[in-house]
Amino acid sequence: MIQMNGRDHDWYEGMTIQSLITDLNYTYPILLIRVNGTFIEKENYGNTRVQKGDDVKIIHPIAGG
Amino acid sequence: MSVVIAKERVDEMKSSRRVLKTLEYTPTKVQKGYTDKTLYINLTDNQVEFKDIPAVVKEKFIGGKGYGLWHLWKGVNADTKWNDPENEIVISPGPIAGITQYPGAGKSLVVSISPITGTVIDSNVGGHFGPLMKFSGFDALEIQGKAEKDVVVFIDGNKGTISIEEAPVETVDSHILAEELTEMYADDEEDKRHISVVSSGQAAEHSYIGLLNFSFYDKRKKAQRLKQAGRGGIGTVFRDKKIKALIVKYKGVKGDSNAPVDVEKIKQVGMKLHKEVHDFDDEQCQMRQVGTANLFETMSDYDLLPVNNFQYGSHKDAAKTGGRAALKKVLQQDEPDGCWFGCSMSCAKSATAYELQTGPYKGQKVVVDGPEYETIAGVGSNCGIFDIDYVLECNFYCDTYGVDTISFGTLTAFAMECFERGVIDKEVTQGLELTFGNKEAAMELLHQMARGDGFGVIAGKGVREMRKLFVREYGADENLLLDIGMESKGLEYSQYVSKESLAQQGGYALTNKGPQHDEAWLIFMDMVNNQIPSFDDKAEALHYFPMFRTWFGLQGLCKLPWNDVEPISNRSVEGPEAAKVPEHVQNYVDLYNAVTGNNIDKQEMILQSERVYNFQKVFNIRLGVVGIEGDRAPYRSMGPVTKEEFLSREDRYDKQMKENIGIDPEGKSLEEKMKITRDFRESQFAQLRDTVYKRRGWTVEGIPKVEHLQNIGMDLPEVLEVVQPYFK
């Protein structure tokens with residue numbers, strides 16, 4: 001289990017930020033992502049491993065609509 | 001491809017004109033974003049007056065929507081209806097409007113009493129009319145009274161003349177009328193870009209959802225493009241006053257026409273944002289390529305796209321018909337396309353040389369402005385129609401006929417669901433097979449609105465009036481129609497599914513004018529980001545964002561450059577603050593100070609809005625929209641109304657029942673589960689409403705407290721007079 005935006009979320013071996021985005025179908029083009037408080041650059045989504053128990057925040061910084 | 005107006009046609013229009021009033025004036029020069037003058041016109045007796053705007057009004061109402069509300073308040077009384085002569089249409093651009101160095105700075109705000117809500121409506125619109133009117137000497141145009149016959153009002157800001165003229169032969173529909181009047185008033189081709197026309201269309205005469213088109217001349221396409229003040233039926237008021245058009249002509253727009261105190265600061269802030277748009281837009285929202293329509297595919301991915309009258313939130317054909325790739329095939333993208341000078345975001349897209357397939361203009365090749373996200377979702381997916389050509393056709397006719405695509409989409413979707421559920425039949429619709437996906441029937445409904453015949457006249461009165469009629473005349477189940485009729489205060493919902501975002505349910509219903517998302521759009525903050533989990537968090541957001549976004553309407557600004565491009569600095573902003581985009585908020589504070597010479601900060605900015613927001617709330621109370629019933633939301637905005645809706649997301653609702661409500665769904669019947677879900681969601685909404693009212697300084701009945709009005713400086717005697725009876 002990980003914390004995904006403050007909610008419980010299933011974890012699996014080999015999970016990366018990119019695979020998590022794909023699993024969640026997060027297609028909005030602007031995402032601000034932190035893992036345990038550390039900001040992750042877009043080019044590192046594929047090589048950033050998510051560990052069991054991590055606190056992941058994937059923020060869609062839009063309040064415009 | 002533009003409509004070509006022959007010289008003979010111009011001669012015919014000129015020879016049929018009858019001048020009712022003409023006068024000369026000396027245009028007041030703009031100083032620090034203001035002229036401090038209002039142009040007042042009464043069409044009943046052709047009175048024209050130049051009013052000074054008092055300093056206290058400038059301080060408390062700022063401009064734009066604030067000026068509109070203040071003028072309207074003075075012009076009407078508690079019993080005024082939308083079609084009474086004393087109702088007004090007020091147009092005001094606001095102090096920042098007219099600068100050319102920062103994107104999105106040419107907006108006008110239009111205020112009136114709405115035919116569809118019976119209370120105050122405001123609409124934010126692009127096009128050149130507002131800034132050109134300000135440079136012609138006026139911060140606001142206040143129109144009252146009713147003409148006997150169709151008239152136009154012409155303001156020449158260079159010559160300093162105003163005229164009211166009977167205009168019997170001009171076309172009513174906007175795509176032709178804007179071209180006719182431009183041809184008539186322009187000295188030559190170059191002069192056309194100095195003209196802006198406000199107009200409506202035939203359907204505004206037969207419906208309550210009429211809009212106003214504000215034009216801007218596109219030199220490249222050699223056509224008047226149209227931007228819409230869409231919401232709430234102001235076009236219906238316009239045609240009821242027998243106004244065919246307002247025309248302003250002003251030559252001489254320059255970078256310093258707004259006479260700001262510190263133009264260098266404005267340039268500096270503007271350059272920063274232009275660079276962000278240049279560097280990031282292609283990889284972020286692609287506003288320059290497809291405009292607001294970029295959201296269509298995304299909304300479907302997040303289960304937020306309204307499908308079949310807001311029953312469902314996604315559709316397999318969404319990407320194919322309204323996705324970015326599909327849009328790029330039909331939209332012209334190879335040139336800058338902004339609705340005011342200097343807007344590098346350039347989201348005002350168009351499809352050119354679109355050949356119309358139906359209606360009175362069938363066969364014409366026309367420029368279709370848009371489509372915006374709201375239009376594709378409203379007339380498309382929400383009606384079960386996934387066909388981009390239909391969207392373009394419907395978009396064009398809505399604009400030229402002068403009806404709001406959002407209301408047209410939502411009311412058509414409602415009629416379709418009523419038809420499919422047997423609430424109405426072909427006898428009621430007078431032959432229209434109004435099933436979801438039937439684009440031919442939907443187009444015919446729109447043409448009927450324009451002609452004023454058939455079921456179009458009934459539908460054109462909006463969801464609320466349709467509901468009442470179906471219950472009264474056809475024995476419909478009122479509770480069902482209250483649940484599925486997507487309106488609040490009489491205004492049709494804009495195009496987002498709010499079922500899974502309690503905050504957005506409030507963002508739609510706990511509003512001044514009705515469910516238009518321009519007060520607060522909190523779906524991602526709430527549902528996806530989970531940044532505002534508690535009632536207090538949501539209430540804080542439902543205080544901040546409506547106040548912040550009201551500010552755009554005070555200044556004559558577009559909100560899109562605020563958060564449709566993300567600055568690098570936002571990466572270091574954590575928590576809900578990121579949604580505010582602090583760097584861009586500071587840009588706006590800097591712009592305001594640089595234009596006006598005042599010295600506000602972010603807190604004062606919110607206070608400016610809070611005064612006007614509360615004034616509008618009190619205005620609603622004055623007009624009889626009082627208490628929690630005024631903020632009623634249809635259950636479909638909160639949760640699944642029907643069995644099929646529940647079953648389509650059964651796993652989600654079962655999980656929520658277990659985790660959020662604490663009840664095990666195992667062994668429960670479908671009806672039991674639906675009731676448990678509904679009771680919970682309705683109680684959540686009620687609790688949210690109470691918390692929001694408290695945060696806004698209102699009573700549990702939604703009345704602004706006297707002490708609160710005093711604290712924020714909106715304690716004008718006439719305001720207190722309205723609320724004080726509720727505290728005796």
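**View 1. B:Asp453 and its salt-bridge partner in the predicted model.** At 31% relative accessibility, B:Asp453 is classed as partly exposed (buried means under 20% relative accessible area, exposed over 50%, partly exposed in between; 1.4 Å probe, protein chains only). Its side chain forms a salt bridge with that of B:Arg451 at 3.0 Å, N to O; a salt bridge is a side-chain nitrogen of Lys or Arg within 4 Å of a carboxyl oxygen of Asp or Glu. B:Arg451 is likewise partly exposed, at 46%. Elsewhere, salt bridges with shared partners link B:Glu417, B:Arg421, B:Lys499, B:Arg636, B:Glu644 and B:Glu645 into one network.

The model is predicted: local features need pLDDT of at least 70, side-chain atom pairs count only at pLDDT 80 or more, and totals for chains, interfaces and linings use all residues. Residues are numbered from 1 along each chain as its sequence is written, chains are lettered from A and ligands numbered from 1 in the order in which they are written, and side-chain values use heavy atoms, with hydrogens and water left out.

**View 2. The salt bridge between B:Asp303 and B:Arg652.** These two side chains meet at 2.7 Å, N to O. B:Asp303 lies in the loop between helix H9 (295-301) and helix H10 (318-322) of chain B, and B:Arg652 in helix H27 (residues 650-661), so the pair ties together parts 349 residues apart in sequence. Helices (H or I, at least four residues) and strands (E, at least two) are DSSP runs, numbered from the N terminus. B:Asp303 is buried, at 16% relative accessible area, whereas B:Arg652 is partly exposed, at 29%.

**View 3. A salt bridge between chains, from B:Glu574 to A:Arg34.** The side chains of B:Glu574 and A:Arg34 pair at 4.0 Å, N to O. B:Glu574 belongs to the loop between helix H22 (560-563) and helix H23 (577-580) of chain B, and A:Arg34 to strand E3 of chain A. B:Glu574 is exposed, with a relative accessible area of 53%, while A:Arg34 is buried, at 12%.

**View 4. The interface of chain A and chain B.** The contact (heavy atoms within 4.5 Å) takes 22 residues from chain A and 32 residues from chain B. Together the chains bury about 2,400 Å², 50% of it on carbon and sulfur atoms; buried area is the accessible area (1.4 Å probe) that two parts lose on being put together, summed over both. Across this interface there are 2 salt bridges, one of them joining A:Glu41 and B:Arg571 at 3.0 Å, N to O. Strand E3 (32-35) and strand E5 (55-59) of chain A each supply at least two residues of the side that touches chain B.
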